Amino acid sequence: MALSENKKEKTISNKKKRWEMPDTYVILFLVLLAGVLATYLVPSGTFERETVDDVERVIPGTYTQVDSSWLSPMDIFTSIQMGMVQSADIIFMVLFTGGAFEIIERSGALRGAINSAVRLTRGKEFWMIAIVSTLFAVGGAVGAVANAVIAFVAIGVIIARTLRLDPIVAVAITFGANFAGFNVGFINPYTVGIAQNIADLPMFSGALFRIIVFVIILSLTIWYTWRYAKKIMKDPSKSIIGVYQDDEETQSLTEAFTLRHKILLGFVGLGLGFFVYASIQLGWTINHMAAFFVLIGIVSGIIAGMHYNTIAVTFLQGTQKLVYGALVVGLARAVIVVLEDGQVLDTIVHALSVPLESLPSVLAAIGMFISSAFLNFLVNSGSGQAMISMPMLAPLADMVGVTRQVAVQAFQFGDGLTNSIFPTSGILMASLAVANVPWTKWLKFIFPLFIAWVVIAIIMLTIGVMINWGPF
């Protein structure tokens, strides 16, 4: 009898075990193993290259096969070390950025700014949604709150309760708006910055065109969210998931937006603006950016009135939160190390270019966008995906007659857009969990907007090809 009960318990236990999507590190390690396997299966080959204006470019039509360079099992692990070393500047830039923004977040300045905006627009629901969405969209565009948006979804919940809306609106005005900005990322150091660095483009170059598209995408996103919210206000039964009804759950936004907060955010805004200027006019690099974020963190802490020990501890706590994402960059770089050592990277680029070479440049750019979108399902890290895809997209762009600036944006759209729908996105799933929104309900809401984003992306890439969009 006892044995029978034990069998039943094991059966129940097995039923409870569900298949889980492998962690990003697991996926990247499997990709690394596939890269090593590719050195045995894929013919080795190289392109001839030339240097034009200090930029190394592939010479189309010069691909030739060479003797295979097989790798040993030990090369799997040495490539990880080499990937971390070769990506050290980017890794520390990510860590230092996390430290700086942790200090800004702990100061209460960001939360105070959002709370102030909500209080000022009471009774003017459209402006409340528009202002909060814009704040998060700008945060996503500059890479300030891409990962940290999870913590702010709770504020979105408070706003939605105040307006008697539903949890989907809470996610839409925080996570959704954040990634509307992230889609373009005109000064996002984690995606556009890294991708442009790999493509040998001036950091944050081409920002004007990106800002124009950012305004278009943001305007559409605000309109779409407001259209849904207004429909719920008129008839709560139109809600996909059900509106908030309990008055006792409605929370007040009491945290003040002080003069100190305004000075701090003003300093950060001016600092980021100066860095964009310095990147374009003074040739600042990722190393400068990493150092600059240390400066921003220290000065922000001083403005916030933090004790020097508190500044140090808070900065380190911020870096700890981004260790996961930072080291992804090194592991992703290890894949490229393997492909380069095995001399199969150029072969892969050649294979990708063959079906695209016969296509018009516009279709080739769209093909880059689609391939980046599929890659994002497996490698759901903007910086990690940039390290994998841009070394292939940059020379591929040279071969198919597409500027590297267009290739960078094709990667950015492929990575950014799909973060709003792919269940492999940890940020998406965590944000939905905070607001208690099922993924299927969110998909029903966001999918029409996602399609509209895709159309805008294709139009932008088409225009970019037609105007020969370059470094500036």
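Trainee: In this predicted model, what share of the contacts in the chain with a separation of 6 or more comes from residues 24 or more positions apart?

Mentor: The contacts considered here are those with a separation of 6 or more. Within that set, the pairs of residues 24 or more positions apart account for 80%.

Trainee: How many helices and strands does the chain have, and what percentage of its residues count as buried?

Mentor: The secondary structure consists of 20 helices and 4 strands. The chain has 472 residues, and the part of them that counts as buried is 53%.

Trainee: Which share of the accessible surface belongs to carbon and sulfur atoms?

Mentor: The accessible surface of the chain comes to about 21,000 Å². Of this area, the share of carbon and sulfur atoms is 64%.

Trainee: Are helices H18 and H20 roughly parallel or roughly antiparallel?

Mentor: Helix H18 covers residues 404-418 and helix H20 covers residues 439-466; their axes come within 10 Å and cross at roughly 175°. Angles over 145 degrees count as roughly antiparallel. Therefore H18 is, relative to H20, roughly antiparallel.

Trainee: How do the residues of the contact of H18 with H20 divide into nonpolar, polar and charged?

Mentor: On H18 the contact residues include Val-406, Phe-413 and Leu-417, and on H20 they include Phe-450, Trp-453 and Met-460. Gln-409 and Thr-418 of H18 and Gly-464 of H20 also take part in the contact. The division is 11 nonpolar, 3 polar and no charged.

Trainee: Is Trp-226 buried or exposed?

Mentor: Trp-226 lies in helix H10, residues 207-234. Its relative accessible area is 16%. Buried means under 20% relative accessible area, so Trp-226 counts as buried.

Trainee: Which residues is Trp-226 in contact with, leaving aside its neighbours within four places in sequence?

Mentor: Glu-125 is 101 residues from Trp-226 along the chain, yet their C-alpha atoms are separated by 8.6 Å. Glu-125 is also one of the residues in contact with Trp-226.

Trainee: What distance separates the C-alpha atoms of Ala-160 and Ala-229?

Mentor: Ala-160 is placed in helix H7, residues 149-162, and counts as buried because its relative accessibility is 1%. Ala-229 is 69 residues away from Ala-160 along the chain. The C-alpha separation is 9.3 Å.

Key
Residues are numbered from 1 along each chain as its sequence is written. This is a predicted model: local features need pLDDT of at least 70, side-chain atom pairs count only at pLDDT 80 or more; totals for chains, interfaces and linings use all residues. Side-chain values use heavy atoms; hydrogens and water are left out. Axes are lines fitted to C-alpha atoms, for helices over the stretch in contact, and angles run from 0 to 180 degrees between N-to-C directions. Helices (H or I, at least four residues) and strands (E, at least two) are DSSP runs, numbered from the N terminus. Angles under 35 degrees count as roughly parallel, over 145 as roughly antiparallel, 65 to 115 as roughly perpendicular and the rest as oblique. Contact means heavy atoms within 4.5 Å. Ala, Val, Leu, Ile, Met, Phe, Trp, Tyr, Cys and Pro count as nonpolar, Asp, Glu, Lys and Arg as charged, and the others, Gly among them, as polar. Buried means under 20% relative accessible area, exposed over 50%, partly exposed in between (1.4 Å probe, protein chains only). Accessible areas come from the Shrake-Rupley method with a 1.4 Å probe; for residues, only the protein chains shown count as cover.
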